[in-house]
Amino acid sequence: MASMLKLAKMVQNHLKGILAHWKWGVTNAFMEGLNSVFSATKRKARGYRSPVHLITMLYFVAGKLRLPQF
């Protein structure tokens, strides 16, 4: 019985998201994927000297821009 109450409370807490998924097909998959790309960029960014350089790289990666090859 406790597990059924836990399930009912979870559904009640997430009801807006559940209904949004069925009505509009909304999920957080895109944001999770973008977060993964940002995390990988941050791991590669150990050598960047300032947050400005990291933010610039995030724009290049998220915007699918190619870095100039010199």
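**Exercise 1. Tyr-59**

Task: Determine in which helix of this predicted model Tyr-59 lies, and whether the residue is buried or exposed.

Solution: Begin with the secondary structure, where Tyr-59 is found in helix H4. Next take the relative accessible area of Tyr-59, which is 62%. Because exposed means over 50% relative accessible area, Tyr-59 is classed as exposed. Finally, look along the chain to Phe-38, which is 21 residues away from Tyr-59, and note that the C-alpha atoms of the two residues are separated by 9.6 Å.

**Exercise 2. The packing of H3 and H4**

Task: Work out how helix H3 and helix H4 are oriented where they pack, and state whether their crossing is left-handed or right-handed.

Solution: The two helices span residues 29-44 for H3 and residues 51-62 for H4, and their axes lie 10 Å apart at an angle of about 135°. To classify this angle, recall that over 145 degrees counts as roughly antiparallel and 65 to 115 as roughly perpendicular, with angles under 35 degrees being roughly parallel and the rest oblique. H3 and H4 are therefore oblique to each other. As for handedness, the crossing in which H3 passes H4 is right-handed.

**Exercise 3. The nonpolar surface patch**

Task: Identify which helix gives the most to the nonpolar patch, and describe the accessibility of Met-10 within the patch.

Solution: The members of the patch are Met-1, Met-4, Leu-5, Leu-7, Met-10, Val-11, Leu-15, Ile-18, Leu-19 and Trp-22, which together have about 1,100 Å² of accessible area on the surface. Helix H1 (2-13) and helix H2 (15-24) each contribute at least two residues, and H1 gives the most, with five. Met-10 is located in H1 and, having a relative accessible area of 46%, is partly exposed.

How values were computed:
Residues are numbered from 1 along each chain as its sequence is written. This is a predicted model: local features need pLDDT of at least 70, side-chain atom pairs count only at pLDDT 80 or more; totals for chains, interfaces and linings use all residues. Side-chain values use heavy atoms; hydrogens and water are left out. Patches are made of residues with over 30% relative accessible area and no salt bridge: like charges are joined within 9 Å, nonpolar side chains (Val, Leu, Ile, Met, Phe, Trp, Tyr) within 5 Å. Accessible areas come from the Shrake-Rupley method with a 1.4 Å probe; for residues, only the protein chains shown count as cover. A salt bridge is a side-chain nitrogen of Lys or Arg within 4 Å of a carboxyl oxygen of Asp or Glu. Helices (H or I, at least four residues) and strands (E, at least two) are DSSP runs, numbered from the N terminus. Buried means under 20% relative accessible area, exposed over 50%, partly exposed in between (1.4 Å probe, protein chains only). Axes are lines fitted to C-alpha atoms, for helices over the stretch in contact, and angles run from 0 to 180 degrees between N-to-C directions. A crossing is left-handed if the near helix is turned anticlockwise from the far one by less than a right angle, and right-handed if clockwise.
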